[in-house]
Amino acid sequence: MTTRRNSSSNSSHTAASSSSTETAKRARCPSCLRAETSCICRWIAPVAHAVEVLILQHPLEVHNAKGSARLLHLSLPNSRMLTGEQFAPETLAELLADKHNVLLYPDTPGDRSLGIAPPPALDSATLLDPARLRLVVLDATWRKSRKMLYLNPLLQQLPRLPLRDTPASHYLIRKAHAPDQLSTLEATCYALMQLEHDAPRFVPLITAFDGFVAQQLSYVMPHAEKA
């Protein structure tokens, strides 16, 4: 009888330990929203910036371990991030009020066939005062970002900001579909460098992004080696 009681006790202890381990794995960091075992908060690199940044994140990107938007948002004090695919027009209008808005998105003439209106021309005079600017960023895959643009006509009415002379992407954890495709964090940093005429100020965030990418690769490489 004593042996049976000990066996039951050991079994209960093992089950409790297993449950505790699983709970730890499921626990999420309240800041970066990732599992505590893969928290990315050490890569947060706050950077002062004049241009306001509005990040509209597709719902499928919220818990994507490869996504860079959360790190971007946590590193940019003057930023907002909202999740959704289609936003109520009145909500979007309120978000876009009081400043000159530019959409970080390439001009894609092929989208005309999808019913997406051509963007208005970008007035260079509106770029003279960074404090009066708001950069609107879509955090989504290329296909999903086009859908977001299609579903939100107010976004179609924004002039678009073309990036110039950007370096090759450091985003080694996600496959690019074109040579010039960048992560959300990289594209936003290069846009801010361009708009605020101060590239060196944003370099620490790009460097932090390299650390984030290396961390994600460290999770992938052991599995690749076993395969």
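Select Ser79 to begin: at 10% relative accessibility, Ser79 counts as buried, where buried means under 20% relative accessible area with a 1.4 Å probe and protein chains only. The model is predicted, so local features need pLDDT of at least 70 and side-chain atom pairs pLDDT 80 or more, while totals for chains, interfaces and linings use all residues. Residues are numbered from 1 along each chain as its sequence is written, and side-chain values use heavy atoms, with hydrogens and water left out.

Ser79 belongs to strand 2, strands being DSSP runs of E of at least two residues and helices runs of H or I of at least four, numbered from the N terminus. Show next His49, Val53 and His73, which Ser79 touches when residues up to four places away in sequence are not counted; contact here means heavy atoms within 4.5 Å. Between the side chains of Ser79 and His73 there is a polar contact of 2.8 Å, that is, a pair of N or O atoms within 3.5 Å, one able to donate a hydrogen and the other to accept it.

Move on to helix 4, residues 142–151, and select its buried residues, Lys144, Ser145, Met148, Leu149 and Leu151. Their cover includes strand 1 (52–57), strand 3 (100–104), strand 4 (133–139) and helix 5 (153–156).

Finish at the second largest pocket by selecting Arg34, His63, Asn64, Ala65 and Lys66, which lie nearest its centre among 23 lining residues. Strand 2 (79–83) and helix 7 (199–226) are the elements that give two or more residues to this lining.

Definitions and conventions: On a 1 Å grid over the protein atoms alone, a cavity is a set of points where a 1.4 Å probe fits but cannot get out, and a pocket is an open set with protein on both sides within 12 Å along at least five of seven lines; lining residues have an atom within 4 Å of a point. Buried means under 20% relative accessible area, exposed over 50%, partly exposed in between (1.4 Å probe, protein chains only).
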